[in-house]
Amino acid sequence: MDSFNTSLEGGFVLMGFSDWPQLEHVFFIFISIFYFLTILGNSTIITVSRMDRRLQTPMYFFLNNLSFLDLCYTTSTVPQLLVSISGIDKTISYAGCMTQFFTVLLLGGTECVLLVMMAFDRYAAVCRPLHYTTIMHPLLCQALAISSWVGGLVNSLTQTVLITTIPLCGHHLDHFFCDMLVLLKLACEDTERIEDNVFVAGAIILVCPVTLILGTYVLIVHAVLKIKSMAGRRKALGTCGSHLMVVFLFYGSAMYTYLQPVRGYSESEGKFVALFYTIVTPMLNPLIYTLRNKDVKGALCKVLGRGTDTK
């Protein structure tokens, strides 16, 4: 218990990529570029959606929420990572660590649930096109978005309470942010019960949403197959492809990380996988939706054209 009190007072040292000191400058440059592109891309989607009335629909309402989540999700880890890599300060207080832990879980869990709501939106658009505007009423959209945040909050509170009950030995976290699996590695006591609870929580927030999304797309594909014209099928599946790609990128890396035993977790491998779902995926999401979506590209060109005309 003494070591636990020491952790409370002294906080932690985030090792980050200290094992590869010769690559830290390269990491700093690339991560800075990715972070800038993430902020630029997601801010652009939010701005364009608000400025163009054609994009003020349920689908873009959820896309706005996704972009906002990605901005916050990346910002919850990347600034600390850049400070750590630069060598300015690799430490984080216990309170700061728990705050980051809570925030990352809140935003990640919210995105898990939000992607389900986006799948429901696509189901309504493809399978119930005549009733789409009635089904996806603005009040329902807001309720679904709030439900996503509530789901993320419940998941985050549950896992934060679990981790704060564990006595921790040591100060060095072999990661670039305060992650559940790395914190469990510092436990002074047997964590088998906690690990089981964490696995169940991970299964609920990851496996259940994926199952719902896949079930929704089974219904969507069934409805699309009933459409006789190929042009109609392509139109129906147009926006679904972007959503499925985002689902694959986000859930694939998250499930690979969190649905594995703590004893088999590799810190070195985990750090690079975490880079993917905390930095790369949020950067790619705006590109995926923009490059595959004529409405967004048209609205972007229109906004840029207005800016040019103003000048």
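Leu 244 lies in helix H10, which covers residues 230-258. The model shown here is a predicted one. Leu 244 is partly exposed, with a relative accessible area of 36%. Leu 244 and Val 113 stand 131 residues apart in sequence, and their C-alpha atoms are 14 Å apart in space.

Helix H10 also holds Ala 231. Ala 231 has 53% relative accessibility, so it counts as exposed, because the exposed class begins over 50%. Ala 231 and Val 210 are separated by 21 residues in sequence. In space, the distance between them is 29 Å, C-alpha to C-alpha.

Two packed helices are described by the angle between their axes and the distance between the axes. Helix H5 spans residues 94-127, and helix H9 spans residues 192-225. Their axes are 9 Å apart, and the packing angle is about 10°. H5 and H9 are therefore roughly parallel to each other, since angles under 35 degrees count that way. The crossing of H5 and H9 is left-handed. On the H5 side, the residues in contact include Gly 109, Cys 112, Val 113, Leu 115 and Val 116. Further H5 residues in this contact include Ala 119, Phe 120, Arg 122 and Tyr 123. H9 contributes, among them, Ile 205, Leu 206, Pro 209, Leu 212 and Ile 213. Thr 216, Tyr 217 and Leu 219 of H9 are also among the contact residues. By class, the contact of H5 with H9 has 19 nonpolar, two polar and one charged residues.

H5 also meets helix H7. The axes of H5 and H7 come within 7 Å. They cross at roughly 145°, and the crossing is right-handed. The residues of this contact of H5 with H7 divide into 17 nonpolar, eleven polar and no charged.

Is Cys 97 buried or exposed? Its relative accessible area is 0%, so Cys 97 is buried; the cut-off for buried is under 20%. Not counting residues up to four places away in sequence, Cys 97 touches Phe 12, Ile 92, Leu 173, Cys 178 and Leu 183. Leu 183 sits 86 residues from Cys 97 in sequence. The C-alpha atoms of Cys 97 and Leu 183 are 10.0 Å apart in space.

Helix H7 comes next. It runs over residues 138-164, and helix H3 over residues 58-75. The axes of H3 and H7 come within 10 Å and cross at roughly 25°. H3 and H7 are therefore roughly parallel to each other. H3 passes H7 in a right-handed crossing. Which residues make the contact? From H3 come Pro 58, Phe 61, Phe 62, Asn 65, Phe 68 and Leu 69. From H7 come Cys 141, Gln 142, Leu 144, Ala 145 and Trp 149. The contact of H3 with H7 holds nine nonpolar, two polar and no charged residues.

Gln 159 also has its place in helix H7. With 5% relative accessibility, Gln 159 counts as buried. What distance goes with the polar contact between the side chains of Gln 159 and Asn 155? That polar contact, joining Gln 159 and Asn 155, is 2.9 Å. Leaving aside neighbours within four places in sequence, Gln 159 is in contact with Phe 101, Leu 105, Met 180, Val 198 and Ala 201.

Two loop residues complete the walk. Thr 77 has its place in the loop between H3 and helix H4, residues 78-86. Thr 77 is buried, with a relative accessible area of 1%. Leaving aside its neighbours within four places in sequence, Thr 77 is in contact with Gln 100, Val 104, Phe 176, Phe 177 and Thr 278.

Pro 21 sits in another kind of setting: the loop between strand E1 (12-14) and helix H2 (24-51). Pro 21 is partly exposed, with a relative accessible area of 49%. Along the chain, 64 residues separate Pro 21 and Ile 85. Between the C-alpha atoms of Pro 21 and Ile 85 the separation is 8.9 Å.

Technical notes: Residues numbered from 1 in each chain as written. Predicted model: local features only at pLDDT ≥ 70, side-chain atom pairs only at ≥ 80, totals over all residues. Heavy atoms only, no water. Axes fitted to C-alpha atoms, helices over the stretch in contact; angles between N-to-C directions. Helix = DSSP H or I, 4+ residues; strand = E, 2+ residues; numbered from the N terminus. Parallel < 35°, antiparallel > 145°, perpendicular 65-115°, else oblique. Left-handed = near helix turned anticlockwise from the far one by under 90°. Contact = heavy atoms within 4.5 Å. Nonpolar A, V, L, I, M, F, W, Y, C, P; charged D, E, K, R; others polar. Buried < 20%, exposed > 50% of the residue type's maximum accessible area, 1.4 Å probe, protein only. Polar contact = N/O pair within 3.5 Å; in protein donor to acceptor, adjacent residues only side chain to side chain.
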